[in-house]
Amino acid sequence: MPKTFFITTAIDYTNSPPHIGHAYEKVLADVIARYHRLKSNNVFFLTGVDQHGQKVQQSAAKAGVPPAEFVKDITQKFVDLWKKLDVKYDEWAETTDDRHKRVVRGILQRLFEEGQIYKDKQAGHYSVRQEQFLTDKERGPDGKFGPEWGEVEFREEENYYFRLSQYKDWLLAYLNKRADAVIPDFRQTELRNAVERLGGDLCISRPKSRLDWGIELPFDKDFVTYVWFDALTNYISFAGYDPSLSTFNSQSSTFCDKWPALQIIGKDILVPAHGIYWLIMLHAIGFPDDQIPQLLVHGWWNLGGAKMSKSAGNIIDPFALADKYDADALRYYLMRGIAMGNDADFDERRLITLFNSELANDFGNLLNRTLTMAQRYRSGLVRDLKDLVNDKFNAVVKTVRSKAELVTNALTLCWDTYEISLGLIGICELASRCNEVIEVTAPWRLAKRGFQGELDVVVYQLCEALRVIAILISPVLPKAAHGIFDQLNWRLELSGKEKRFCLEDAKWGGLPNGHVVGKPVPLFPRIEGT
Ligand code: MSP
């Protein structure tokens with residue numbers, strides 16, 4: 001069976017509706033998934049929602065509805081958003097799903113029987129927001145728990161614990177051995193430093209008397225499992241993991257074939273959740289080191305330099321933006337306006353500027369001018385003349401081809417390493433080069449002088465460049481890519497379908513001699529006066 005490119009995202013809390021940060025992560029994952037499909041790789045893209053926990057229980061109580069009803073409504077909002085933003089996943093994870101509960105309980109039972117889970121009493125400081133007990137290591141230089149922990153209270157409680165700390169040496173050795181366990185590099189360093197400080201085990205339960213909106217422990221009906229064994233396990237339960245089989249290799253081939261996964265997460269949930277708890281959990285249930293997932297850690301979208309949060313009231317609503325500017329425009333800004341791993345400030349004016357200068361000017365104008373010229377001077381007929389015109393003219397025009405080849409190669413290098421924004425800059429440069437060639441060769445003058453061969457060469461190069469641009473841009477702008485292809489009259493029978501093109505098709509020379517292109521229709525009308 002061919003290997004599958006398995007990509008996951010964090011599952012989103014259903015204690016409040018989605019915001020632009022959630023949208024960024026899912027669009028990023030979708031772009032990477034679409035890029036791999038474009039490369040003709042088998043792809044399995046998993047995303048979903050995190051439905052249990054104290055915050056959800058509290059929000060439901062506040063809204064005066066049962067938690068199950070509350071999460072159903074919020075879950076629907078996430079599903080609607082992914083549909084609106086063309087986020088195309090292969091499997092949807094909901095942690096209240098029976099499939100998932102079975103796997104979580106199966107894993108907990110096995111670890112309990114192996115003595116990796118034990119009961120103990122704990123008294124200490126507890127972060128309500130992060131849903132965990134805090135130790136002195138979490139205190140800031142001033143001795144206080146920082147604002148990231150939210151409300152901190154004192155609690156005493158009997159609970160179940162997972163023997164996390166016994167795996168510290170394993171995790172350090174793993175991180176030392178695998179330089180790209182976490183991307184970007186500085187996040188791996190951050191994780192390594194955190195592992196060095198690791199001490200203590202992981203509390204994995206809450207008494208039902210305090211929280212009942214969770215998965216009941218299989219070995220103690222008075223407790224539910226709390227946060228991480230529930231949430232993190234989604235990555236395997238919805239990929240077909242069987243908890244009754246204790247070694248990785250005894251799992252089904254459809255499961256094994258997906259590993260190691262690429263897991264996309266925000267910077268806030270690397271330490272300790274994914275970088276420590278998750279990697280150790282996988283190791284503890286028998287994942288070999290070469291099947292441990294790679295973590296791609298993205299930065300955050302902020303607003304005016306400050307963190308977006310519901311309580312601060314500075315949440316950006318992705319639905320409103322997609323309605324106002326269209327899904328493709330929002331996808332473009334989310335991918336173009338932030339460098340992988342860094343934070344960025346969300347700025348609607350920048351969205352408009354990028355849209356007008358890159359989508360409307362570079363791509364839209366190019367499409368419009370090229371098809372207008374093809375229609376006006378050639379009745380839409382595209383002819384691939386090998387060497388009809390003089391060398392000097394050829395030299396100018398052929399720079400389009402060399403630029404297209406350069407950009408295609410550079411894009412794969414960038415996108416193989418998840419530098420989406422850099423790849424987009426390359427595509428813009430190709431479009432600008434085409435627009436320059438139009439200025440330099442002035443096809444309207446060629447037409448006046450009756451230089452038919454030259455006109456054919458220019459029109460062919462530009463149409464071919466547009467075809468390449470449409471393929472390269474398709475993971476980010478799926479609708480627009482089809483729009484360009486429709487106007488080029490290219491494989492119309494596959495209009496709107498993903499299999500219409502693959503990366504191989506971006507090889508120069510795909511438009512056959514004698515092809516007839518369609519009429520121009522504005523694809524990215526400028527956004528005026530906002
Ligand atoms: N439910 C947990 C994750 C469990 S994974 C097994 C969670 N949910 S969340 O809704 O708070 O966040 C979901 C994802 O969105 C995280 O990766 C988080 O980093 C990301 N983002 C939340 N706000 C964000 C921004 N402002 N900007 C970019 N991404 C942000 O954590």
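**Entry 1, a glutamate to start.** I began with glutamate 454, which sits in helix 18, residues 452-473. A reminder to myself that I am reading a predicted model. Is glutamate 454 buried or exposed? Its relative accessibility is 14%, and the cut-off for buried is under 20%, so I put glutamate 454 down as buried.

Next I turned to the ligand and listed the 23 residues around it; Ile11, His22, Glu25, Asp50 and Asp268 come nearest. By class I noted 11 nonpolar, 8 polar and 4 charged residues in this shell. A ligand nitrogen is 2.8 Å from a polar backbone atom of isoleucine 11. How much of the ligand does the protein bury? The answer is 95% of the 660 Å² that the ligand exposes when taken alone. Among the elements giving two or more residues to the shell are strand 2 (12-13) and strand 13 (262-266). Helix 1 gives the largest share, 3 residues.

I followed helix 10 (residues 270-284) and found a kink of about 25 degrees, centred on tyrosine 277. Since 12 of its 15 residues are buried, I wrote helix 10 down as largely enclosed by the rest of the structure. Tyrosine 277 is one of those buried residues, and so are His274 and Trp278. Just after helix 10, I noted a positive phi of about 105 degrees at glycine 286.

I found 28 aromatic pairs in the structure. For phenylalanine 6 and tryptophan 259, the ring centres are 5.3 Å apart and the planes are at 85 degrees, so I filed the pair as edge-to-face. Phenylalanine 6 is in strand 1 and tryptophan 259 in the loop between helix 9 and strand 13, so this pair ties together parts 253 residues apart in sequence. Phenylalanine 6 is buried at 1% relative accessible area, and tryptophan 259 is buried at 0%. Another edge-to-face pair is tyrosine 24 with tryptophan 301, at 6.0 Å centre to centre and 80 degrees between the planes. It links helix 1 to strand 15 across 277 residues, and both partners are buried.

Note on methods: Residues are numbered from 1 along each chain as its sequence is written. This is a predicted model: local features need pLDDT of at least 70, side-chain atom pairs count only at pLDDT 80 or more; totals for chains, interfaces and linings use all residues. Side-chain values use heavy atoms; hydrogens and water are left out. A residue is near a molecule or strand if one of its heavy atoms lies within 4 Å of it. A polar contact is a pair of N or O atoms within 3.5 Å; within protein, one must be able to donate a hydrogen and the other to accept it, and residues adjacent in sequence count only if both atoms are side-chain atoms. Accessible areas come from the Shrake-Rupley method with a 1.4 Å probe; for residues, only the protein chains shown count as cover. Helices (H or I, at least four residues) and strands (E, at least two) are DSSP runs, numbered from the N terminus. Ala, Val, Leu, Ile, Met, Phe, Trp, Tyr, Cys and Pro count as nonpolar, Asp, Glu, Lys and Arg as charged, and the others, Gly among them, as polar. Buried means under 20% relative accessible area, exposed over 50%, partly exposed in between (1.4 Å probe, protein chains only). The bend at a residue is the angle between axes fitted to the seven residues ending there and the seven starting there. Rings of Phe, Tyr and Trp (its six-membered ring) pair if their centres lie within 6.5 Å; planes under 30 degrees apart count as stacked, over 60 as edge-to-face and the rest as tilted.
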